[in-house]
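I opened my notebook to record what I looked up in this fold. I began with its contacts.

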Amino acid sequence: MVAASSFFLIWTTAPHTFQPRFMRSVESIFRHHPAANVTLFSNSLPDSFFAPLVAAGLRVQIRRYDLQGLVAGTRAEVWYDFRRYWNQSAHFANHEADLLRLLWLLWRPARGAHVANDLRPHQIGHRLQRPSAGLGRTR
């Protein structure tokens, strides 16, 4: 029997911003880790968002978070107190996700892998040559 791996993701924006490439990243977890447990922290996605994956027998769940409760007693409480100003920034969702990542590491250290969906892949393959000795994996 394969041991289950745990993965977590964070989503802070509206459901319509969860583009197909983000869904593919969730699906790819299960491609490589069929017994994975995936938790997506989000207060914006509906509970049924991953219903097709759950219906297929995959373990994926949306978990709500209480940001005010998570920052209580930490230095991040100062940031939270000024949130009404910060949330006017175009990048506020990214800042909130960054804070949640740090809080998750404090809250549940060494319990799973974080999957960053806010990174943009760039096409660099055309610039890469065959890996030199010692780099990459040979078969």
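This is a predicted model: local features need pLDDT of at least 70, side-chain atom pairs count only at pLDDT 80 or more; totals for chains, interfaces and linings use all residues.

Entry 1, contacts. I counted contacts (heavy atoms within 4.5 Å). Among those in the protein between residues at least 6 apart in sequence, 61% join residues at least 24 apart.

Residues are numbered from 1 along each chain as its sequence is written, and side-chain values use heavy atoms, with hydrogens and water left out.

I found six helices and four strands. Both are DSSP runs, numbered from the N terminus: helices are H or I with at least four residues, strands E with at least two. From the N terminus, the order reads β-α-β-α-β-α-α-α-α-β.

Strand 2 (residues 37-42) pairs with strand 3 in the parallel sense, over five bridges. Pairing takes at least two DSSP bridges between two strands. I traced V38 to its bridge partner in strand 3, V60.

I looked for nonpolar cores: sets of buried Ala, Val, Leu, Ile, Met, Phe, Trp, Tyr and Cys residues joined through side-chain atoms within 4.5 Å. Buried means under 20% relative accessible area, with a 1.4 Å probe and protein chains only. The largest core has 19 residues, and F18, V38 and F50 have the most contacts inside it. Helix 1 gives the largest share, five residues. Beyond its neighbours within four places in sequence, F18 touches residues including W11, L40 and F50.

Technical notes
Buried means under 20% relative accessible area, exposed over 50%, partly exposed in between (1.4 Å probe, protein chains only).
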